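User: I'd like to go through the wording used for this one. Can you take me through the terms?

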Amino acid sequence: MPAAAERRPSRLQRVFGDTPTAWLWVTPAVVIILGLSLVPMAWALLLSFQKSDFVTPSTWIGLDNYSRLADDPTFAAAVRHTLIYTAAFVPLSIGGGLAIALALNRRIRFVGFYRTLVVVPYIMSATAQAVLFSFMFDSQFGVANALLDQVGIARQGFLQDPGQALWVIVLIGLWSGMGFCVIIYLAALQDIPRELVEAASIDGARRRGILLHVVLPALRPVTVFLFVWQTFQSLQLFDLVFVTTRGGPLQSTTVVVLYVWQQAFEFFNAGYGAAAAYVLAFGLLVVALVWGIYQRRREARVA
Amino acid sequence: MRRPSPWHLVLFPMALVFALPLLWLVVSSFMTNAQINRFPPTIIPDSLHLDGYRYVFRTGEFARWFLNSTIVATVTVVSNLVFCSFAGYAFARMRFRGSRVLLALMLATLVIPFQLTMIPTFLLMKHLGLIDTLGALILPSLVTPFGVFLLRQFFVSIPREIEEAAWIDGCSRLAILLKVVLPLARPALATVAVLTLLVVWNDLTWPLIAINSDTNYTVQLGLATYQGAHRTEWSAVMAGNLLVTLPIVLAFLFAQRTFIRSLTSTAVKG
């Protein structure tokens, strides 16, 4: 018998396939991942129908939490702030990221250095960003007001001003979040076949024509991905707000996740917080579904 | 000599916008409070000092928080490499009942937002007696669905013939994984390690919920709390901020290619 035949699957393997080994190998991952996502997800749903303060036994109150949420002006404001942040952050980070990536996508000196500088803020934690910008935009000691003084413009409240705080947070978000769009676009630009651009330029297309009719269409799938990804990030905004303003001043920067956190872990309304989290999850689900439909249509077109 | 490209006129100011806050972080951490509190505020200091660093080491437990973050990051990175490799390989190469359903379920968990699960996860950790221990930070990050999926995709792309040769030579499944597949998978493993490190080191939300006593803080939680408690000691706060940020930035600078590949992998596979 040739040596190869000896290593044919044993009888156990022939009956069960790789089942015993495979189960051994996937079990830790499956138990931890599903146990810490599906179980809490179902648990949160149950909680959202209950009045619970973590300590005393919870009582079943049906849809009360949801109907209270619908009438809660603070929650409405949190949703509004989240949507404003998203509406500003998503297009600006993608547009800015695309512009920077297009500028960086050439073989000149220091391009690697420029790219590094753009990406470092993204690597930094949101906490570190928030602490740094809290200092820079400190109304008393901050460098932002010092610069305004120099050019003779009145000092601003920035994070202490209810009319400005959310926009300062958008600015911090852009400073760090743009870097992600830049690297994704740079990678995608490098994937565009050189022949495609060359063919277009031989056909006499001008630079603007190439950009509009060759480059941008080739980037569309990546743009859609970034749109979904950045929307997810902004709807889940928390760390930046928590460290800079904690939702203030005058609740002008309370966002949905901060609201969930406050309800659950500051006021101990676990059920109410879970209901608010489900509203957020529903919003995210809508975004994910749009993405899924787009992917399916694209695959159908390719196939 | 070639003339420098005119694009530098655009790129240099652009890069400056990203660099200046970082520069300010470094400079202000070496200023005294007197320099910072001066009116009008200093923009370019005339002298540099270590007062901030002295103050931050006297009043904050940054060394302790560093240790905690390092423990959590090390354990979760190693465990992700181990568990994601095994699970990813099983999903890629082994035929077993339920594998498709399980993989689909794992993928579906990628879109479950953390905010939805955080309240019950807190309750779960409370039942397990892990609240206010590093265990509460480690357990949920031991293995991540994205890591499993990423490695599975990589293993699927390895030509089967390589493994079949080892199989014919009499290697067991385990030996094939350890000696043949994983050495080939180094780039993918590095990606999993980097993404895990970034997420775990930079996280604030979960430590904020799971940890109460300051001896168990991570660097991010420590920094956020420290800033809240020392609002007027800006140079010390910036010194602390720099200490927290430097390791991850240094790691990025040393392994830039790996980091960038890791970040772009979220888009390609997503």
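Analyst: Let's start with handedness: a crossing is left-handed if the near helix is turned anticlockwise from the far one by less than a right angle, and right-handed if clockwise. The crossing of helix 15 of chain A and helix 6 of chain B is left-handed. Helices here are DSSP runs (H or I, at least four residues; strands are E, at least two), numbered from the N terminus. This is a predicted model, where local features need pLDDT of at least 70, side-chain atom pairs count only at pLDDT 80 or more, and totals for chains, interfaces and linings use all residues. Residues are numbered from 1 along each chain as its sequence is written, and chains are lettered from A and ligands numbered from 1 in the order in which they are written.

User: Why are helix 15 of chain A and helix 6 of chain B called roughly antiparallel?

Analyst: Their axes cross at roughly 160° and come within 8 Å. Angles over 145 degrees count as roughly antiparallel (under 35 roughly parallel, 65 to 115 roughly perpendicular, the rest oblique), so this pair is roughly antiparallel.

User: What makes residues of these two helices meet?

Analyst: Contact needs C-beta atoms, placed from the backbone, within 7 Å. Among those in helix 15 of chain A are G273(A) and Y278(A), facing Q115(B), L116(B) and I119(B) in helix 6 of chain B.

User: How do you know that chain A is more spread out than a compact globule?

Analyst: Its radius of gyration is 26 Å, well over the 19 Å that the globule rule gives for 303 residues, so chain A is more spread out. The radius is taken over C-alpha atoms, and the rule is 2.2 Å times the number of residues to the power 0.38. The C-alpha trace spans about 90 × 75 × 35 Å along its principal axes.

Notes
Axes are lines fitted to C-alpha atoms, for helices over the stretch in contact, and angles run from 0 to 180 degrees between N-to-C directions.
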